[in-house]
Amino acid sequence: MRGSHISLIICTTLVILGAGVRPAAAIDTHRADVKSFIDEVSGKDSISKRQLRKLLKGAKSQPAIIDAMNRPAEKAKPWYEYRPIFLTEKRIQEGADFWIAHRQELDRAAVKTGVAPEYLAAIVGVETFYGRLTGSYRVLDALATLAFDYPARAKFFRDELEQFVLLCREMGLDPKAVKGSYAGAMGAPQFMPSNYRRYAVDANADGRIDLWNNWADVCTSVGNYLKEHGWNAGEPVLSDAAVDEDKTAELDGRKLALSDTVESLLAKGVNFASSLPPEAPALLIAADESDGVHWRVGYNNFYVITRYNHSALYAMAVYELASAMKQRILLHDAAGLKEALAAPALPVVASRQAAHTNARP
């Protein structure tokens, strides 16, 4: 049995190696691109080369991160497969519970930023299941892997790696301990380091911005991000639409750009109801359902949500989760009001007697 077990281990190892699974490897600080990064950041941000070299020597390049980058759900799945990931009964109900538990923080953030509370909650719900799944990768490993071993977006991730070093310095974080997503996003709202430094808000003025545990900071930071990217308070996000059959071949619905208006889409044979004026920017969305394409029209605020994650699927998931949670909260509040109204009132005489008793010295 022991010999068979060893043979099984050897065979399994060979299969894994043959499948192309590569182990994590330390970042080589002698590489030209790594040395260039160290020189540039040291000169620009007044951080010693020795300190940067020591930090990067402790980073590991992880092939699993590159694999994950090459197959994000937003690109790999059609809408009818993507939607059920986020629109589950559990996520909706836990979203309503989250809203009730953090209503004060959500309401204050909504007032401050102009973003309705259901969208603040929905983004956190889609991103990290309301802060429960914030990522298990070391941010240092994720950013170093993508900065030096993922040529397609090396420039972007080198910038983010620099921003992460600065963020850790400013906030007193241990860069070797911070955990996040495979792309280096952090906290309940999954902010990249540059966005953390640029858009995160110290909502309760305690001198520290904590996007992992401080829900006032989290909610206000999400709202601030959307506000700074052009969110228009009170405007709709999305409408269902229908397209004249003879016009479908002329329409795309796959471009993520506000290249149309309400008026121009109506003129192209897209039928939908909107409270926005004719000149309001809009985009046509083709949502792939199991029975074919379903059409929708997104407005400015829909496009703003895609600045959080550049995907129409993501923005539709946020919209639908927000709508479902809001409906659940309305039912919860209505039930609470009904219960309060049904409670027996304190008799007037007893009430007056109590008031008189309490007034005695």
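This is a predicted model: local features need pLDDT of at least 70, side-chain atom pairs count only at pLDDT 80 or more; totals for chains, interfaces and linings use all residues.
**Entry 1: D45 and its surroundings**

Not counting residues up to four places away in sequence, D45 touches E162, L166 and R169. I then looked up where D45 sits, and found D45 in helix α2, residues 32–45. Next I asked: is D45 buried or exposed? D45 is buried. I looked for a salt bridge and found that D45 has none. The nearest side chain of opposite charge is K44, and that lies 5.4 Å away.

I stayed in helix α2 and went to S42. Why does S42 count as buried? Its relative accessible area is 14%. Buried means under 20%, so S42 qualifies. I listed its contacts, leaving aside neighbours within four places in sequence. S42 is in contact with I47, S48, K49 and L52.

I moved on to helix α10, residues 139–149. How many of its eleven residues are buried? I found ten, and I note the helix as mostly covered. The buried ones include V139, L140, D141 and T145. F148 is also on that list.

I followed F148 further. Beyond its neighbours within four places in sequence, F148 is in contact with I27, R31, D33, V34, F37, L56, R158 and L161.

**Entry 2: the nonpolar cores**

Which residues touch the most other members of the largest nonpolar core? I found F148 and L226. That core has 89 residues. Helix α16, residues 312–342, gives the most to this core, with eleven residues. I also found a second, separate core of 15 residues. Among its members are F272, L276, W295 and Y299.

**Entry 3: the five-stranded sheet**

I traced an open sheet of five strands. Their order is β6-β8-β9-β5-β7, and the pairing is antiparallel. Which strands are at the edges? They are β6 (260–261) and β7, and each pairs on one side only.

β6 and strand β8, residues 281–289, pair over two bridges in the antiparallel sense. For D260, I found the bridge partner A282 in β8.

Then I checked β5, residues 238–243, against β9, residues 292–299. Four bridges join these antiparallel strands. D240 stands opposite R296 in β9.

β5 also pairs with β7, residues 270–271. Two bridges join them, and again the strands run antiparallel. Here A242 stands opposite N271 in β7.

**Entry 4: whole-protein totals**

The secondary structure comes to 17 helices and nine strands. Of the 361 residues, 44% count as buried. I computed an accessible surface of about 19,100 Å². Carbon and sulfur atoms hold 54% of that surface. Residues 24 or more positions apart account for 69% of them.

Technical notes
Residues are numbered from 1 along each chain as its sequence is written. Side-chain values use heavy atoms; hydrogens and water are left out. Two strands pair if DSSP finds at least two bridges between them. A nonpolar core is a set of buried Ala, Val, Leu, Ile, Met, Phe, Trp, Tyr and Cys residues joined through side-chain atoms within 4.5 Å. Buried means under 20% relative accessible area, exposed over 50%, partly exposed in between (1.4 Å probe, protein chains only). Contact means heavy atoms within 4.5 Å. Lys and Arg count as positive and Asp and Glu as negative; His and the chain ends are not counted. A salt bridge is a side-chain nitrogen of Lys or Arg within 4 Å of a carboxyl oxygen of Asp or Glu. Accessible areas come from the Shrake-Rupley method with a 1.4 Å probe; for residues, only the protein chains shown count as cover.
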